[in-house]
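I keep these notes on what I looked up in the structure, entry by entry. I begin with the terms that I shall need.

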Amino acid sequence: MESIIFFVLAFFLLSGAIMIVFCKESIYSAIGFLMVMVAMAGMFALLHHSFLFLAQILVGVGAVVVLSIMIILSINLKDENQPQQNIMPSKIALTTLMVAPIVGLLLYAVIKADFTFAPIAPNFGTIEAMGKELFTHWVLPFEIVSILLLGAMVGAIVLSHRRLDVKS
Amino acid sequence: MQHLLSMILFLPLLVAFTMGIFRVSIETLRMVTFGSSLMVLLFAVVVTSYFNVEGGMQFVHNSSWISHYGINYSIGLDAISLLLLLLIALLMPLIFLAIWEEQRKGYFYNLLLLQAGISGVIMAQDLILFYLFWESMLLPIFIMIGSYGYGMRHFNAMKIIIMTVFGSMSMLLAIIYLGYTHYTTVGFWSFELSNLAQLAFDSKTSILLAGAFLLAFAIKIPLFGFHTWMAPAYSSSPTAIVVVLSAIMAKLGVYGLYRFGFTLFEIPLGFYTPYVILLCLIGIVFYSIHAIMQRDLKRIFAFSSGAHLSLITLGLFMTNIYAWSGGLYLLATHAIASAGIFLMIGMLGRRTQNIQIAHLGGIASIAPRFAFFFAFFALAITGVPGTGGFVAELLIIVGAFKYHFWVGVVAAMTMLGAILFIFWTLQRTLFGTTQEVTKHFGDLSAIEIGILTPLVIILLITGIFPSLLLDFFDASLSTNLEAFQGGVK
Amino acid sequence: MLSPDAFLFVAVVIFAIGLIGLMLRRSLFVVYLSIELMLSSVNLILATFSRVHGEMGGGVVSLLMIAVIAAEAAIFLALIIYIYRITKSVDSQSITQLTHKRDEA
Amino acid sequence: MEALLSLIVILPFLSATILGISYLIDSKKNLSNTYYATIALTTPAIVTLLSFVLAFEISTMPHDTPLYAHLFDWIKVGQFHIEMRFMLDRLSMIMVGLVSFVGTLIHIYAVGYMQDDEGFGKFFAYFNFFLGSMLLLVVASNPIIMFIGWELVGLASYLLIGFYHKVSSNITAANKAFIVNRVGDFGFIIALSVLFIALEGKGFDFEAIKEGIEGLSSSTLSFVGALLFVGAMGKSAQIPLYVWLPDAMAGPTPVSALIHAATMVTAGVYMVARFGFLYNEIPHIGEFIAYIGAFSALMAALMASFERDIKKILAYSTMSQLGYMFIAVGLGAYGAGIFHLFTHAFFKALLFMGAGAVIIALHHEQDIFKMGNLRTFLPKTFITMLIATLAITSIPPFAGFFSKEAIINHAFLTQHYTLWIIAITTAFLTAYYMFRLIFVVFFAHSTKTYPHLIPLGKMIIYPLIVLAIGSATVGFLGIGHGFAHFVALPDRATPAPTHLLEYGLMAFNPLIAVGGIALAYRLFGTNPKPSKANIPIKALFIHKFYVDALYDRLFVSTLRSLSLFFDRVVDAKIIDGFLGLLTGGYRHLGVKLVSLQNGTVKTYATYIIFSVSLMSIALIYILEAQ
């Protein structure tokens, strides 16, 4: 049963990823991104990370994806403003060739290492356990991320309010 | 007494930094620099008076500097270095007098640094120390050509620095390799010349190492083929620098060959000897002919310097006592004569703002003193008897004939070479009728005569009583020559 | 029972697709999405290892990563808008300010 | 005595220095000519006195014990030990006496001649400098010191030829003189060096060389001898290095008289005589010298016959007479050669000074065809010049007769008939061109008058008279080879002539001369016209055999274009071009790399990925290998 769910999720994940990269229209890419994020949330669930699942749905899908789609729609690119680019098979082959060694290395490592799932505590991945972990061992990174978020917020505001006549 | 050499070395640096920190006015600066150069001259004279002609390396001072790599602050003097030290100590006050009117402070600072660098090169007995000073004397020259020069000064400053640094880089590599070899074979790091001279290499390595040193010195001298920086650099340089370039810097190439080349690599230099001699001979003829059609006084005498330096190098490589004495004698006398001529070109340039030969002429009829001194130095360069140049050329020619007949014939051509262009230059510069720029040419002032007269007197004394100076370094030279010949056998 | 390898395989492949997208496409959106893709794949890997070792650390980092993704999205999208307003396009080739300019003739 | 000998050389240099410094300091011209003249004249006068004292001393001593004066060690490097030491034997004594005596007279003459020149002081500084150098040359006890004097007289000659330095052509002439002389010196120095190396360790004084050369091979000696003679060619204006002498007449006339007639140009002859012991070992080189001398004599005579400039005629005549001297010394008759040198100094100095008197009287006119009838206006000059001319054309009993006759007869007696014929022809031509000069200048156009003639001062006339007496009488010293015996040079043996032959030859030479005079009178006696280049052979003579043009084409232009070639091709194209390949390659590489940095972020990302993928390959490889 889990395997079936996994394969379905993996299918959505991969096809979403492929859509992101290979669709000409940005909006299709965004839909592919949505698929990826949702499928990713599913993956987390499969891994017993219930809190991650929730966070992924809330933040990843609810905030990031929606924001992206909103931006894409608001910019409303015309065709002449789109990058004039044909996705050529030769280029795909070339980039794939370049990426292949990295993939090879990673897979090599994965196969060599031969991981297995360890038995887990019953409260693994629950909000309670995560919260405990977060506020005992991970306080500092947590705070740093909060500052990062603050910075990003300020940055985004500054950028979008920047006067346009700086550069012609 | 122990620290006299260090004082000579560091006094100019100290003065430069003190003056720089207090940001003194130009008047103070020129007084103090002139005073310090006189002090250095005094120290040099004191050193000379305590110098023992038979004594080999003297005033040796050695203290550890970067002990981990065995780099020492190691200085000392023998007769030949002392000769060069005296030359620079004597020339610097004259140069400072010659630029008395100069308003740009950079002149004084750079010249002080230059003096320190050159003194360091002359004294250094540690190869890293030597390399340090060798490069540091290039910097003031680079700055001065670049900021106070004439014509395409930026390009020419780059050209001189790139070409010379290219050579010295190869030398640095060789130095480091030597030190490393000392570490691997003897067990501790050392860059001391006397230690490195003990090392033994297989023939291929030593030829490569000798070549690396040779390249640095050949560019500095410059031998034929490495000379294209010379004329542009001379023509772009301000007077003070061109005097130092021609009178001292170029000689240091020969000195380096003598001190380091011949001490470290007796045998592999033998491998290069025919090629170097060939380059020298080509240089003698080539530079002389090249100078004929030059239009700029500085370039003409640049090539003349080149020809003489080829001759000096030739003398050095023929390794017999006549040629060595002659080479070193020429080194001293040509330094004086070329310093004189370039100082005078500077004076000429200040009066006319123009040193293009085509615009000059007729100076002799309105400025006889200028004409006399100019002609005297020019003739001294051609090696007229009665000036030191003749003695030196005679000795080198005799040595060249001892070495090989045809080498002697070409070496004797220097007698012809210099006059070909110098007499024509004199004709167009001094004689004939006055032109626009020379119409109101002022004769030499008392100070200018004061600058030039010591040089004239030295040239005359060296020409009429050569034994005075020859006996002075005869002992050093004979010892080194025997050591060298012993090394070859 | 699923092995961790399956998850890792998927993550690696998604990562690779992200890389390819990064190199292949000129549209800034796609570039952005590719980067998100790679981040997510790393996220997945973290989660997997958290599960493999039975420890919560990986999960926590993954959680923080989600926050980072959000921050990154905000900045990147703001930049896209900014660039779009200047160049009227979302072409990555149109941003060439880093090019070496030969100043001498 | 030694001190006196040193003084002879040192005094002129000293007074030259004093004069020179005075002249340079005295920029406002406060010092009078009298000041300069006093110093300038005292020196040669004292030197002359000293030389007479020394001459007396020497002539009482045996001929093979010269007088030495050791000053100091000049150079001592290895075996190269050169002393500043002077040697006075009979040969150098004759030269010292000659140089100082004639020099003094010309100094006196020059005071009159240069009276109005603003460079008066400078002139005498140079003149005294020359005197010192010439004396150094003749009293040197070894060839190196001799070479120093040899070079210094060249320098003095350069300075004096270019004395009127505002005219550029004068300087060109001076340069030519110096450069051509240096070409000769080039040979000289090579010869000396080779000789020194061959004799290394045996000393380098003349006596030491004399003893040393016995061990040397004939080829070395021939080489040395020939190259020494190259030096003499330059100094004494022989083929092919004679071209500077006519141009050297650009200098003031006293200079021509002293340097380019009486003293410096004879240094070559002196040198060959000095090295007589060496040339005796290699008679074939001696013959070569004689032939060069003969051809120079003939060629110069031919050129003199068609020249219009009074000083240049005399210059060619000098060259021609020097040719005679070289015939003599080449054939081993050193005594005869030096004797001709001796007499020639008198009459040639006189001729130049007379010509100078004419020139100055006529406001610096030098073209003989613009003169004429001067015997009525300048009678003293005419008389003295006529005496000198009779002397040079070897009319008995004037000086030239004895000396030239000795040379011509020597050529005949040693069976060098070719040389003899050339010498006789030259003698004929000499008579022709010298009397051409006399007739054109002093006789022709008998109605011509000169309203603006400048009167000649006593300082100019008296030396002429003294020299005229000399020209008329010094020949008698040579009767019965008296002079040659006195000088005691190592003459090669000559077959003794029969009396009949001797008297025949003695009569033959004046007859030839008279023939020349007759021809000159017939052509130029009354109504002279300059020769026109109407036939090729004449054109050849008038244009000096085109040698100047040839040298110009051969050397000057070649060197200039070579210089330009070096500058524009060798330096700029080949060497800098090669360096340019290096630096240019570096630059091109930079340009290529710059295009990699195209500013698009995507490309940079590609580089990163590419690098990472390379690293991955490497990692896989490493991991597999473990």
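The model is predicted, and local features need pLDDT of at least 70, side-chain atom pairs count only at pLDDT 80 or more, while totals for chains, interfaces and linings use all residues. Residues are numbered from 1 along each chain as its sequence is written, and chains are lettered from A and ligands numbered from 1 in the order in which they are written.

**Entry: chain A by itself**

I looked up the elements of chain A and found six helices and zero strands, where helices (H or I, at least four residues) and strands (E, at least two) are DSSP runs numbered from the N terminus. Of its 168 residues, 27% count as buried, that is, 20 or more other C-beta atoms, placed from the backbone, lie within 10 Å of the residue's own.

**Entry: chain A against chain C**

I then found that 74 residues of chain A are in contact with 65 residues of chain C, two residues being in contact if their C-beta atoms, placed from the backbone, lie within 7 Å. On the side of chain A that touches chain C, H3(A) has the largest share, with twelve residues. The residues of this side divide into 52 nonpolar, 17 polar and five charged (Ala, Val, Leu, Ile, Met, Phe, Trp, Tyr, Cys and Pro count as nonpolar, Asp, Glu, Lys and Arg as charged, and the others, Gly among them, as polar).

**Entry: one helix pair**

I looked next at H1(A) and helix H2 (residues 28-53) of chain C, which pack at an angle of about 155 degrees with their axes 9 Å apart; axes are lines fitted to C-alpha atoms, for helices over the stretch in contact, and angles run from 0 to 180 degrees between N-to-C directions. H1(A) and H2(C) are therefore roughly antiparallel to each other. The contact is made by A:Ala17, A:Ile20 and A:Val21 of H1(A) and by C:Val30, C:Leu33, C:Ser34 and C:Leu37 of H2(C). I noted that these residues divide into six nonpolar, one polar and no charged.

**Entry: chain B against chain D**

Here I found that the contact takes 44 residues from chain B and 44 residues from chain D. H19(B) gives the most to the side of chain B that touches chain D, with seven residues, and the residues of that side divide into 28 nonpolar, twelve polar and four charged.

Key
Buried ≥ 20, exposed ≤ 12 C-beta atoms within 10 Å, placed from the backbone. Parallel < 35°, antiparallel > 145°, perpendicular 65-115°, else oblique.
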